[in-house]
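Welcome! Let us take a friendly walk through this model, stopping at a few places worth a look.

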Amino acid sequence: MARRNAVLFLVYSAGFHIGLLGMLDVLVNFYFVSLGYQPDTIGLLQSLPRLAGFITSLPIGLLTNRIGTRRMLIISTIGCALALILQLVPVLPMLVLSRFLFGLCYGAQQIATSPQMIGMVEPGDRTRFFALHNGISMATMGIGSFMGGVVPGWIVGLSGSFVPAEWVSSATTPYAYGAATAVAAFMGLLCVLPLLWLPDVRPAEHEAAREKRSAAGGGIPWRLLVWLSVPMITFGFTGGLTFPFFNLFWRTQFGLPDQNVGAILSIGWIGMGIIPLFGSALEKRFGRAGGLGVTLTVATVAFFGLGLLPALPISIAFFVLAISFRNTMQPLFQPLVLDTLPPHLHNVISSVNMVMWNVGWFAATAMAGVLQTRLGFGVMMHIVAVGVAITAVLVVAIFRRRELELKQSFAGG
């Protein structure tokens with residue numbers, strides 16, 4: 001049964017990453033550009049999802065304790081798809097609303113994901129399961145990015161005799177990007193189906209009393225939870241300066257068409273899936289915190305190299321190395337945090353992590369448009385390199401030699 005549930009969850013996550021993340025990574029900024037918006041406005045639109053996550057993450061974490069992680073995953077995934085549909089109304093107020101709603105629902109999905117996964121496997125298998133989940137997610141995200149680059153062209157080719165000629169004059173029209181976004185939303189709705197056969201994951205029975213106190217706000221060690229989540233601020237900041245704008249980076253710096261941009265992004269996502277698969281080996285050799293310190297150091301060097309803006313093949317190599325080694329945070333940091341806390345705090349720490357991540361991401365995306373215009377992408381990548389290095393230092397400083405201490409602390413309490 002546990003293996004069946006794990007497979008169902010992986011199928012769900014694969015569909016989510018194809019439609020609601022991979023395709024969207026390529027399409028969303030190009031869609032905004034096709035509507036005539038400038039980098040500063042696009043940066044603000046990209047910051048809205050993180051603002052929504054910052055505002056709503058804590059109450060969503062407590063709500064997830066009440067309704068269960070499976071129900072939260074279903075509701076939030078449907079909400080993400082509906083947000084993309086709202087985005088098809090090409091006026092700024094509706095774009096603002098859709099981006100805010102997407103951030104709210106995506107944040108809820110992320111809050112529920114890690115506790116759902118932790119509850120589905122035994123402690124000794126968690127790092128491997130998180131690594132497998134990350135590998136499948138990134139591989140399917142790569143498929144989604146490739147689709148995001150080619151689907152607008154396919155839609156133009158199929159729609160020529162059905163819509164006005166100016167709508168299909170090229171694959172870079174609002175119609176082409178909007179129709180491709182609708183395809184992504186439909187795929188997001190389909191991926192909900194495997195969740196219907198999954199059980200809810202809730203804290204164990206012996207944790208019920210503490211869960212009740214936690215839901216009321218008592219018994220939650222907020223200072224400790226915030227301290228454990230501090231690395232997510234700089235992790236979110238480095239993500240906010242890069243991932244929403246990598247498509248513009250390749251188009252602006254190297255003049256690449258959408259298909260090539262989608263292909264490069266897909267290569268990057270595949271690397272993000274492969275490198276973290278070695279998380280178990282790194283954990284055995286260095287521990288989770290030490291392993292993250294090593295991989296984030298490699299990512300720091302790669303981002304610095306990417307900021308030098310070398311020739312295209314070298315830039316692609318630096319790009320793949322940078323995002324792949326940075327992404328080891330996904331399969332290593334979440335179980336690192338959750339395994340040092342009792343089950344009744346899992347949804348709460350997941351929401352605190354999301355708050356911190358959103359704070360960093362919001363700050364980065366809000367200033368990204370100005371940085372692009374005034375300093376350029378090269379300086380932005382060097383800023384990211386510094387942020388990744390700080391993240392590595394924070395993870396090691398907070399968690400090195402403290403995993404066992406935290407477990408013993410809560411076991412004694």
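A residue is called buried when its relative accessible area is under 20%, exposed when that area is over 50%, and partly exposed in between. R128, with a relative accessible area of 45%, is therefore partly exposed. Keep in mind that this is a predicted model.

**The nonpolar core**

How many residues does the largest nonpolar core have? This core has 111 residues, and those with the most contacts inside it are F246, F303, F319 and F333. Helix α1 (residues 2-34) supplies the largest share of the core, with 16 residues. In soluble globular proteins, nonpolar side chains tend to be buried together.

To see the surroundings of one of these residues, go to F333. Setting aside residues up to four places away in sequence, F333 touches L228, P231, M232, L292, T328, N353, V395 and F399.

P231 and M232, both touched by F333, are among the buried residues of α9. Helix α9 (residues 231-240) is mostly covered, as eight of its 10 residues are buried. Besides P231 and M232, the buried ones are T234, F235, G236, T238, G239 and G240. They pack against α8 (222-229), α13, α14 (329-338), α15 and α16.

Helix α10 (residues 246-254) has buried residues too: F246, N247, L248, F249 and W250. The buried residues of this helix pack against α1, α11 (258-274), α12 (279-307), α13, α15 and α16 (377-399). Just after α10 comes G255, which takes a positive phi of about 60°.

| Residue | Helix | Relative accessible area |
|---|---|---|
| S315 | α13 (residues 312-326) | 0% |
| P152 | α5 | 1% |
| N347 | α15 (residues 346-374) | 4% |
| T140 | α5 (residues 126-159) | 11% |

Let us take S315 first. Which residues does S315 contact, leaving aside its neighbours within four places in sequence? They are W250, F254, L306, L309 and P310. The side chain of S315 also reaches the backbone oxygen of P310, at 3.0 Å. From S315 to G305 is 10 residues in sequence and 7.8 Å in space, C-alpha to C-alpha.

Now turn to helix α5, where both T140 and P152 are found. A polar atom of the T140 side chain lies 2.8 Å from the backbone oxygen of I136. Apart from neighbours within four places in sequence, T140 is in contact with A14, H17 and I18. P152 touches L27, M147, A171, A176, Y177 and A180, again not counting residues up to four places away in sequence. For a sense of distance, compare the position of F399: it is 247 residues from P152 along the chain, and their C-alpha atoms are separated by 45 Å.

Where in the structure is N347 placed? N347 belongs to helix α15 and, beyond its neighbours within four places in sequence, is in contact with G61, T64, N65, T69, I111 and P115. At a relative accessible area of 4%, N347 falls under the 20% cut-off, so it is buried.

**A nonpolar patch on the surface**

Finally, let us visit the surface. There F186, L190, L193, L196 and W197 form a nonpolar patch, with about 540 Å² of accessible area together. One of these residues, L190, lies in helix α6 (residues 174-190). Is L190 buried or partly exposed? L190 counts as partly exposed, because its relative accessibility is 43%.

Definitions and conventions. Residues numbered from 1 in each chain as written. Predicted model: local features only at pLDDT ≥ 70, side-chain atom pairs only at ≥ 80, totals over all residues. Heavy atoms only, no water. Core = buried A, V, L, I, M, F, W, Y, C linked by side-chain atoms within 4.5 Å. Buried < 20%, exposed > 50% of the residue type's maximum accessible area, 1.4 Å probe, protein only. Helix = DSSP H or I, 4+ residues; strand = E, 2+ residues; numbered from the N terminus. Contact = heavy atoms within 4.5 Å. Polar contact = N/O pair within 3.5 Å; in protein donor to acceptor, adjacent residues only side chain to side chain. Patch = residues over 30% accessible without salt bridge, like charges linked within 9 Å, V, L, I, M, F, W, Y side chains within 5 Å. Areas by Shrake-Rupley, 256 points an atom, 1.4 Å probe, with all protein chains shown as cover. Salt bridge = Lys/Arg side-chain N within 4 Å of Asp/Glu carboxyl O.
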